[in-house]
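Q: I have a model open and want to go through its packing. Can you start with the helices once it is on screen?

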Amino acid sequence: MADLFVKICGLRTAPDVDAAVAAGADAVGFVFAPGSPRTVDAAGARELAARVPDTVLTVGVFRGQSVEEVRRLAEESGVRGVQLHGEEGPEDFAALRAEGRTLLRATSGRVERCGDYGEDLLLLDAPDPGSGRPWNWGSADFTAPEGRWLLAGGLNPGNVREALAATGAWGVDVSSGVERERGVKSPDLIRAFVEAARART
Ligand SMILES: O=C(O)c1ccccc1NCC(=O)[C@H](O)[C@H](O)COP(=O)(O)O
């Protein structure tokens, strides 16, 4: 069985990027959505992305931005994936597909399978992404989608195993749970999260 896919999101500094890569993350995320304490600009993200080996996916994170804006920021920063948290539809995914980037669709709604919008990876997240608040992934009426889907929302080194056992997610995504204060990552917590997520129980 393939290893669990782990994405560390909202990185803003070189030491944090290096820690995520060294810990064995499969993907690292740079937030382009405005108004977040984690927002980076294209030039900053480009410098960070340049530190990342090709084996690790670099992802730009967007919310409520036009396809043109997503395309421009992705090109300027050089990220190889885009993660959309807005109201985008299949036509928007199709438009971005042409550039050959890996497409991540983030939603807090109920979804039956990954791929319905043309996305490569589906991210099931809290309604307020990046808040660190968990949603009801542990509840009895939760049904896991088919395919490649990542669980996000309020995960941390202490609850990620429980979350995986409850949902059977293909991968996990974390931001707040590896921060020592809002918007400020902790390399120690990044390492602890990756280790805990991949621990065999
Ligand atoms: O991080 C943000 O501030 C943010 C803002 C707007 C859209 C998405 C944002 N983050 C997405 C993520 O960091 C993750 O995909 C995920 O939501 C992790 O959230 P959490 O671990 O609960 O902080």
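A: The axes of helix α1 (residues 14–23) and helix α6 come within 9 Å and cross at roughly 20 degrees. Axes here are lines fitted to C-alpha atoms, for helices over the stretch in contact, and angles run from 0 to 180 degrees between N-to-C directions. Helices (H or I, at least four residues) and strands (E, at least two) are DSSP runs, numbered from the N terminus.

Q: What kind of model is this, and how are residues numbered?
A: This is a predicted model, where local features need pLDDT of at least 70, side-chain atom pairs count only at pLDDT 80 or more, and totals for chains, interfaces and linings use all residues. Residues are numbered from 1 along each chain as its sequence is written, and side-chain values use heavy atoms, with hydrogens and water left out.

Q: Back to α1 and α6: what do you call that arrangement?
A: Angles under 35 degrees count as roughly parallel, so α1 and α6 are roughly parallel to each other.

Q: Which residues meet there?
A: From α1, Asp 16, Ala 19, Ala 20 and Ala 23; from α6, Pro 187, Ile 190, Arg 191, Val 194 and Arg 198. Contact means heavy atoms within 4.5 Å.

Q: And α5 against α6?
A: The axes of α5 (residues 160–167) and α6 come within 8 Å, crossing at roughly 35 degrees. Val 160, Arg 161 and Leu 164 of α5 make the contact with Phe 193, Ala 196, Ala 197 and Arg 198 of α6.

Q: What does Val 17 touch?
A: Not counting residues up to four places away in sequence, Val 17 touches Leu 11, Phe 30, Leu 48, Arg 51 and Val 52.

Q: Phe 30, then. Where does that residue pair?
A: Phe 30 stands opposite Gly 60 in β3. Strand β2 (residues 27–31) and β3 run parallel and are joined by five bridges; two strands pair if DSSP finds at least two bridges between them.

Q: How many residues of β3 are buried?
A: Six of the six residues in β3 (residues 57–62). Leu 57, Val 59 and Val 61 point one way, while Thr 58, Gly 60 and Phe 62 point the other way.

Q: What does the whole sheet look like?
A: Eight strands close into a barrel in the order β1-β2-β3-β4-β5-β6-β7-β8, with parallel pairing. On average, neighbouring strands are turned by 25 degrees against each other, direction ignored.

Q: And β6 with β7?
A: Strand β6 (residues 121–124) pairs with β7 (residues 149–152) in the parallel sense over three bridges. Leu 123 stands opposite Leu 150 in β7.

Q: New topic. How many residues are in the largest nonpolar core?
A: The largest nonpolar core has 51 residues, and those with the most contacts inside it are Ile 8, Phe 30, Leu 151, Val 172 and Phe 193. A nonpolar core is a set of buried Ala, Val, Leu, Ile, Met, Phe, Trp, Tyr and Cys residues joined through side-chain atoms within 4.5 Å. Helix α6 (residues 187–198) gives the largest share, five residues.

Q: What else is there?
A: A second, separate core of ten residues, including Ala 27, Val 59, Leu 123 and Ala 152.

Note on methods
Buried < 20%, exposed > 50% of the residue type's maximum accessible area, 1.4 Å probe, protein only. Parallel < 35°, antiparallel > 145°, perpendicular 65-115°, else oblique.
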